[in-house]
Amino acid sequence: MSALDALTRAASLEAVFLAALVEKFIPILPSYVLYPAIGIGAADVWALAGRCLVATAGSMGGALAWYGLGALAGQRRTRALVARHGRWVLLSAELYDRLMANYRRRSLWLTFLGQLIPTVRIFQALPAGVLRLPLAGFLAATALGSLCWIALLAGAGHALRSQGWAAGEAGLAVLGAMVAVEGGVALLAWGLRRRRRAAPAVLVAGAD
């Protein structure tokens with residue numbers, strides 16, 4: 001057993017909880033690196049399920065802290081903090097403004113989907129707190145989205161490890177797959193935006 005294998009297997013449930021909690025504040029270790037490692041360290045399916053549930057609880061704890069910060073600071077102070085310091089958690093003022101605008105229309109659905117997007121899932125609860133969304137519904141949507149994301153990544157890591165992959169190889173494989181998916185989604189979104197921008201020009205040309 002390699003040193004990395006030993007390390008992932010030795011991680012306690014307390015360490016899993018703490019890692020998932022910290023991931024919501026310090027984006028040093030991305031979720032698509034952290035959670036496959038958590039799955040790689042699970043001895044069996046039951047241990048994997050336990051780790052996923054504990055990690056979800058840690059992730060919800062982080063989201064609740066962000067929610068509380070937004071609720072306490074209020075809209076004006078939160079916007080000023082984001083403009084001044086948001087870059088440290090990969091949150092631009094423009095992204096924050098888009099989240100605020102979208103949250104006013106489809107709060108629960110966006111909460112769930114946001115937990116499936118690596119960068120957005122970190123600070124998504126901040127605008128939710130500013131808007132004081134109903135806490136019970138927000139936490140339920142956050143828990144469901146977090147569990148889906150964590151189970152997907154941890155399950156992939158565990159499956160590869162069960163097939164005989166070394167911990168490092170399994171982690172790199174999941175990381176590469178996620179980066180490829182993100183790149184494909186980003187290209188698709190860029191293509192759709194470009195197509196929408198070109199459509200009015202085509203209509204104007206046709207009218208002429």
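Here's a quick tour of what sits inside this protein and what touches what. Keep in mind that the model is predicted. The largest nonpolar core has 19 residues, and a second, separate core has 14. Along the way we'll also stop at one helix, a loop residue, a threonine and a couple of cysteines.

**The largest core**
- Out of the 19 residues in the largest nonpolar core, the ones touching the most other members are L91, Y96, F123, A125, L126, A128 and F138.
- Let's zoom in on A128: leaving out residues up to four places away in sequence, A128 touches Y67, Y103, L133 and F138.

**The second core**
- The other core is separate and made of 14 residues, including I38, A42, L48 and W149.

**A buried spot in a loop**
- L133 sits in the loop between α8 (125-130) and α9 (135-162).
- Is L133 buried or exposed? L133 is buried, with a relative accessible area of 12%, and the cut-off for buried is under 20%.
- Skip the neighbours within four places in sequence, and L133 is in contact with Y67, Y103, S107 and A128.
- L133 and R104 are 29 residues apart along the chain, and their C-alpha atoms are separated by 9.1 Å.

**Helix α2 and its buried face**
- Which residues of helix α2 (residues 13-23) are buried? They're V16, A20 and E23.
- Looking down the axis of α2, you'd find its buried residues within an arc of 65 degrees, so they line one face of the helix.
- The cover over those buried residues includes α3 (31-40), α4 (45-85) and α7 (120-123).

- T56 belongs to helix α4.
- With a relative accessible area of 6%, T56 is buried.
- What does T56 contact once its neighbours within four places in sequence are left aside? The partners are A143, S146, L147 and I150.

**The cysteines**
- C52 counts as buried, at 6% relative accessibility.
- C148, on the other hand, is partly exposed, with a relative accessible area of 35%.
- How many disulfides are there? The count comes to 0, going by the rule that a disulfide needs a pair of cysteine sulfur atoms within 2.5 Å.

Methods
Residues are numbered from 1 along each chain as its sequence is written. This is a predicted model: local features need pLDDT of at least 70, side-chain atom pairs count only at pLDDT 80 or more; totals for chains, interfaces and linings use all residues. Side-chain values use heavy atoms; hydrogens and water are left out. Buried means under 20% relative accessible area, exposed over 50%, partly exposed in between (1.4 Å probe, protein chains only). Helices (H or I, at least four residues) and strands (E, at least two) are DSSP runs, numbered from the N terminus. The arc is that of the directions from the helix axis to the C-beta atoms. Contact means heavy atoms within 4.5 Å. A nonpolar core is a set of buried Ala, Val, Leu, Ile, Met, Phe, Trp, Tyr and Cys residues joined through side-chain atoms within 4.5 Å.
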